[in-house]
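Here is a short briefing on the fold shown below. Read it with the structure open.

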Amino acid sequence: MQIHLQQIEPFDISTGFHARFIHSETMTLAYVEIDAGAELPEHSHVHEQVVNMLEGTFELRLGGQTLRLEPGQVVIIPSNLPHSGRAIRRSRILDVFHPVREDFVNKKVAYAAR
């Protein structure tokens, strides 16, 4: 199956976080464009997440640690580990989730500040 990202309607998972989703049988890929200064509130999920930094500068907070991500860096977030983040500069990230994010398939997720 061939997919063109520009043909996928973006979905805002949180203010300033615009994602296009691709779902296979076992995983979800989220191509996320993030506005400079946008913040993703702390949250957790049962899915393992692999963060692939493509463009920009992003601050990722997880497990009491703050990581400054630049293009080419990859971070693996284990299942159920609380995490949050903030775009220092406009950023593009490819997040890979396993198993499939059913909440994204149905587009029911919107992270809100706690």
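Helices (H or I, at least four residues) and strands (E, at least two) are DSSP runs, numbered from the N terminus. On that basis, the elements of the chain run β-β-β-β-β-β-β-β-β-β-α from the N terminus on. That comes to one helix and ten strands. The model is predicted.

**Confidence**
- The average pLDDT of the chain is 91, and 94% of the residues score at least 70.
- Where pLDDT is low, the predicted coordinates should not be read in detail.

**Overall dimensions and packing**
- A compact globule of 114 residues would have a radius of gyration near 13 Å; the chain has 13 Å, so the two agree.
- The C-alpha trace spans about 35 × 25 × 25 Å along its principal axes.
- Of the 114 residues, 43% count as buried.
- The chain exposes about 6500 Å², and carbon and sulfur atoms supply 51% of that area.
- Among contacts with a separation of 6 or more, 65% join residues 24 or more positions apart.

- Six strands form an open sheet in the order 1-2-3-10-5-8, with antiparallel pairing.
- Strand 1 (11–14) and strand 8 (74–77) stand at the edges. Each has a single partner strand, so one side of each is left without a neighbour in the sheet.
- Neighbouring strands of this sheet are turned by 30° against each other on average, direction ignored.
- Strand 1 pairs with strand 2 (residues 17–23) in the antiparallel sense, over three bridges.
- In this pairing, Ser14 stands opposite Phe17 in strand 2.

- Strands of a sheet pair through backbone hydrogen bonds, either parallel or antiparallel.

**Strand 6 and its two partners**
- Strand 6 (residues 58–62) and strand 9 (residues 83–87) pair in the antiparallel sense over five bridges. Here Phe58 stands opposite Ala87 in strand 9.
- Five bridges also join strand 6 to strand 7, and these two run antiparallel. Here Leu60 stands opposite Leu67 in strand 7.
- The hairpin of strand 6 and strand 7 has two residues between the strands. In this hairpin, Gly63 takes a positive phi near 55°.

**Arg61 in focus**
- Arg61 is found in strand 6.
- Is Arg61 buried, exposed or partly exposed? Its relative accessible area is 25%. Buried means under 20% and exposed means over 50%, with partly exposed in between, so Arg61 is partly exposed.
- Leaving aside neighbours within four places in sequence, Arg61 is in contact with Glu39, Thr66, Pro82, His83, Ser84, Gly85 and Arg86.
- One of these contacts, Ser84, is 23 residues from Arg61 in sequence. The C-alpha atoms of Arg61 and Ser84 are 5.2 Å apart in space.

Technical notes:
Residues numbered from 1 in each chain as written. Predicted model: local features only at pLDDT ≥ 70, side-chain atom pairs only at ≥ 80, totals over all residues. Heavy atoms only, no water. Pairing = 2+ DSSP bridges. pLDDT = per-residue confidence, 0-100. Rg over C-alpha atoms; globule rule 2.2 N^0.38 Å. Buried < 20%, exposed > 50% of the residue type's maximum accessible area, 1.4 Å probe, protein only. Contact = heavy atoms within 4.5 Å. Areas by Shrake-Rupley, 256 points an atom, 1.4 Å probe, with all protein chains shown as cover. Axes fitted to C-alpha atoms, helices over the stretch in contact; angles between N-to-C directions.
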